[in-house]
Amino acid sequence: MYSLSPSSSISLKSLIRTRCPSQTHRVTPGRLVIQCIHRHDSTNASRADWQSSCAILASKVVSQQQDTQKVGGADNITAVNGHKTLDLVPIENLPKPLTITDFSPPPMHGAQIRVAYQGVPGAYSEAAAGKAYPKCEAIPCDQFEVAFQAVELWIADRAVLPVENSLGGSIHRNYDLLLRHRLHIVGEVQFPVHHCLLALPGVRKDYLTRVISHPQALAQCEHTLTKLGLNVAREAVDDTAGAAEFVAANNLRDTAAIASSRAAELYGMEILADGIQDDSSNITRFVMLAREPIIPRTDRPFKTSIVFAHDKGTSVLFKVLSAFAFRNISLTKIESRPHRNRPIRLVDDENVGTAKHFEYLFYVDFEASMAEVRAQNALAEVQEFTSFLRVLGSYPMDMTPWSPSGGD
């Protein structure tokens with residue numbers, strides 16, 4: 001910015017007293033800015049005098065626009081009152097200030113979101129991630145804990161991990177990881193599981209000597225495998241789609257895998273038997289994890305997950321559960337896990353001696369939003385009886401209709 005200051009060569013009395021409409025004047029195309037600056041010197045000029053002088057000088061510059069362009073020429077030089085000065089930076093080249101539109105909102109539901117899941121392409125977790133976040137970029141992870149870490153380290157925006165199955169029960173590993181990590185549950189999705197018996201092309205069931213899959217999948221198909229006459233060894237691996245990939249990669253013609261029909265397509269395998277789960281109502285519940293919690297609401301059904309511990313044994317559990325029953329809050333799940341920091345509690349009794357009790361953490365899901373007063377009051381009462389209480393998340397319930405004939 002070019003500034004003008006008092007000079008002894010200027011006679012203030014000879015200047016017309018014209019008030020400067022503003023202290024900054026922009027002149028185009030030279031884009032010169034003149035700023036009125038008031039200083040005290042020997043002339044003892046008043047502020048009004050200097051404002052008047054600035055107005056006159058500015059008018060002179062405007063009248064000399066044509067001269068300015070000619071003097072500047074190819075060298076881009078601007079003349080002010082006969083003196084050559086460097087031109088200022090063009091306004092269009094200056095960085096624009098941020099506006100509210102520059103702060104894009106979080107990705108829409110499923111749009112441009114990176115979602116971590118455990119397994120390889122073709123796993124049920126990948127399909128569940130696609131159901132939870134359509135159009136997402138699915139990121140496979142070899143272990144559950146890696147999926148947690150991917151979100152914590154900003155490699156992924158969300159993680160979709162299984163916590164329970166209608167036939168196989170709870171996935172205890174993920175309950176332990178929920179407590180170990182500081183991620184928040186922001187949603188749930190219930191996904192119907194449709195198992196298939198896969199083998200390499202040309203392989204018949206008579207050739208098989210073993211079946212491999214995830215432990216949950218083996219448990220969910222145990223009776224059906226027996227009915228098919230497959231009295232073979234059953235070996236557990238990390239995930240269902242990984243079992244199919246292993247058979248295909250190693251050209252194992254004596255081994256079958258229990259996985260999805262999508263895994264058969266991806267790894268070039270044939271389906272020897274379709275829908276081999278023991279119960280058609282085979283559903284796995286997945287939770288969606290994020291770094292930040294969502295704001296609970298009351299305009300739709302919500303579910304809240306908590307974990308707590310207490311110091312006085314299981315007798316306190318009744319008091320904790322009564323806090324929900326008294327307020328007509330329905331519990332959808334209660335799960336106990338060993339308290340790793342305090343696995344055993346010793347109780348000394350002078351009459352019977354020292355008793356040893358196992359210590360547990362309790363995971364509870366209940367149908368209420370943390371935005372509801374009844375849920376807040378229930379947790380306030382629970383906190384009175386517990387030594388540890390943590391809200392894992394308050395999130396919308398999965399209310400999508402389900403059909404037992406659904407697959408992946």
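Y175 is buried, and Y363 is buried too; buried means under 20% relative accessible area, exposed over 50%, and partly exposed in between (1.4 Å probe, protein chains only). The model is predicted, so local features need pLDDT of at least 70, side-chain atom pairs count only at pLDDT 80 or more, and totals for chains, interfaces and linings use all residues. Residues are numbered from 1 along each chain as its sequence is written, and side-chain values use heavy atoms, leaving out hydrogens and water.

**Aromatic pairs**
- The whole structure holds 3 aromatic pairs. Rings of Phe, Tyr and Trp (its six-membered ring) pair if their centres lie within 6.5 Å; planes under 30 degrees apart count as stacked, over 60 as edge-to-face and the rest as tilted.
- The rings of Y175 and Y363 have centres 5.0 Å apart and planes at 70°, so this pair is edge-to-face.
- Y175 sits in helix α5 (residues 172–180) and Y363 in strand β21 (residues 360–366), so the pair links parts of the chain 188 residues apart. Helices (H or I, at least four residues) and strands (E, at least two) are DSSP runs, numbered from the N terminus.
- F308 and F362 form a stacked pair, 5.7 Å centre to centre with 20° between the planes.
- This pair also links distant parts of the chain: F308 is in strand β17 (residues 302–309), F362 in β21, 54 residues apart.
- F308 is buried, at 0% relative accessible area. F362 counts as buried at 7%.

**Nonpolar cores**
- The largest nonpolar core has 33 residues. Such a core is a set of buried Ala, Val, Leu, Ile, Met, Phe, Trp, Tyr and Cys residues joined through side-chain atoms within 4.5 Å.
- L197, L198, A244 and I258 have the most contacts inside this core.
- Elements giving it two or more residues include β11 (196–199), α8 (240–249) and β14 (255–259).
- Beyond its neighbours within four places in sequence, L198 is in contact (heavy atoms within 4.5 Å) with residues including A244, A256 and I271.
- Another core, of 26 residues, lies apart; A147, A156, I171 and A309 are among them.

**Helix α11**
- Helix α11 (residues 373–385) has 13 residues. Its buried residues are A375, A378, L379 and V382.
- The face turned away carries the exposed residues V373, Q383 and E384.

**Whole chain**
- The chain has 11 helices and 22 strands.
- Buried residues make up 44% of its 408 residues.

How values were computed
Expected span 1.5 Å × (residues − 1).
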